[in-house]
Amino acid sequence: MIRSLLKLALWVVVVMVTYNYFWGNPAEKAQSGRVFQGVGQVFGEIKSLVVSEKGKFDGGKYDSALDKMGNVIGKLRDHGNQTGDKALVQQTVQMEDRRQHIEHQLKKTEKDISTGGQTSDKLQQAANLARELERLNVDLQGLVEKVSPGASKR
């Protein structure tokens, strides 16, 4: 219901601004012109944001982070195998699965960005990937701290 009210309010504003732009007095026409310019600037900023996110994908920012995480996970798994710590090996397997899932989503998002689509979808996909990557990084850091010999007991 709230969504419907918001859509109705948006349509009322669009109709009012459009009416004022074409049939309003000079002050209303000027104000409507500024509104249209502002909307144009917003869409321009959204486009530049999407292009910058695309640059992060193309530039390998996320790929590089995933590769580094893969290296750390591999070293932890090797350590677990050498020490016989089956729980550590299992945790590294789970983390590697998560890393591969994120990598798969990254490739899918790269494809979506390159083929077009809705801007809000692109931004949402990028934000979700960044959150998943951050959670994996935090979990991985916690595991490294737990395994490292100088880690403090909590």
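Predicted model: local features only at pLDDT ≥ 70, side-chain atom pairs only at ≥ 80, totals over all residues.

A residue is called buried when its relative accessible area is under 20%, exposed when that area is over 50%, and partly exposed in between. Arg 99 has a relative accessibility of 10%, and therefore counts as buried.

**Overall architecture**

- The protein has 154 residues, of which 22% count as buried.
- The accessible surface of the protein amounts to about 11000 Å². Carbon and sulfur atoms account for 58% of that surface.
- Contacts between residues at least 6 apart in sequence can be sorted by their separation along the chain: 62% of them join residues at least 24 apart.

**The largest nonpolar core**

- Which members of the largest nonpolar core touch the most other members? They are Met 95, Ile 102, Leu 133 and Leu 140, in a core of 14 residues.
- Helix 3 (61-83), helix 4 and helix 5 (119-147) are the elements that each give two or more residues to this core.
- Met 95 is in contact with Ile 73, Leu 136, Asp 139, Leu 140 and Leu 143, when neighbours within four places in sequence are left aside.

- The structure holds 3 salt bridges.
- One of these salt bridges joins the side chains of Glu 96 and Arg 99, with a distance of 2.8 Å from N to O. The two side chains are also listed as making a polar contact at 2.8 Å.
- Glu 96 and Arg 99 both lie in helix 4, 3 residues apart, which is about one turn of the helix.
- Is Glu 96 buried or exposed? Its relative accessibility is 13%, so Glu 96 counts as buried. Arg 99 is buried as well.
- Arg 99 also forms a salt bridge with Glu 103, where the closest N and O atoms are 3.5 Å apart.
- Glu 103 and Arg 99 both belong to helix 4 and are 4 residues apart, again about one turn of the helix.
- Glu 103 has a relative accessible area of 22%, and is therefore partly exposed. Salt bridges that share partners join Glu 96, Arg 99 and Glu 103 into one network.

- Asp 139 forms a salt bridge with Arg 98, and the closest N and O atoms of the pair are 2.7 Å apart. Because Asp 139 lies in helix 5 and Arg 98 in helix 4, this pair ties together parts that are 41 residues apart in sequence.
- Asp 139 has a relative accessible area of 35%, so it is partly exposed.
- Arg 98, at 32% relative accessibility, likewise counts as partly exposed.
- Asp 139 is also among the residues in contact with Met 95.

- Glu 96 lies in helix 4, which spans residues 86-115.
- Not counting residues up to four places away in sequence, Glu 96 touches Gly 70, Ile 73 and Arg 77. Ile 73 is in contact with Met 95 as well.
- How far apart are the C-alpha atoms of Glu 103 and Asp 67? They are separated by 9.5 Å, while the two residues are 36 residues apart along the chain.

**A nonpolar patch on the surface**

- Tyr 19, Tyr 21, Phe 22, Trp 23 and Phe 36 form a nonpolar patch on the surface. Together these residues have about 600 Å² of accessible area.
- Which helix gives the most to the nonpolar patch? The answer is helix 1 (residues 2-23), with 4 residues.
- Tyr 19 is a patch member that lies in helix 1. With a relative accessibility of 48%, Tyr 19 counts as partly exposed, because the exposed class begins only over 50%.

Note on methods: Residues numbered from 1 in each chain as written. Heavy atoms only, no water. Buried < 20%, exposed > 50% of the residue type's maximum accessible area, 1.4 Å probe, protein only. Contact = heavy atoms within 4.5 Å. Areas by Shrake-Rupley, 256 points an atom, 1.4 Å probe, with all protein chains shown as cover. Polar contact = N/O pair within 3.5 Å; in protein donor to acceptor, adjacent residues only side chain to side chain. Patch = residues over 30% accessible without salt bridge, like charges linked within 9 Å, V, L, I, M, F, W, Y side chains within 5 Å. Salt bridge = Lys/Arg side-chain N within 4 Å of Asp/Glu carboxyl O. Core = buried A, V, L, I, M, F, W, Y, C linked by side-chain atoms within 4.5 Å.
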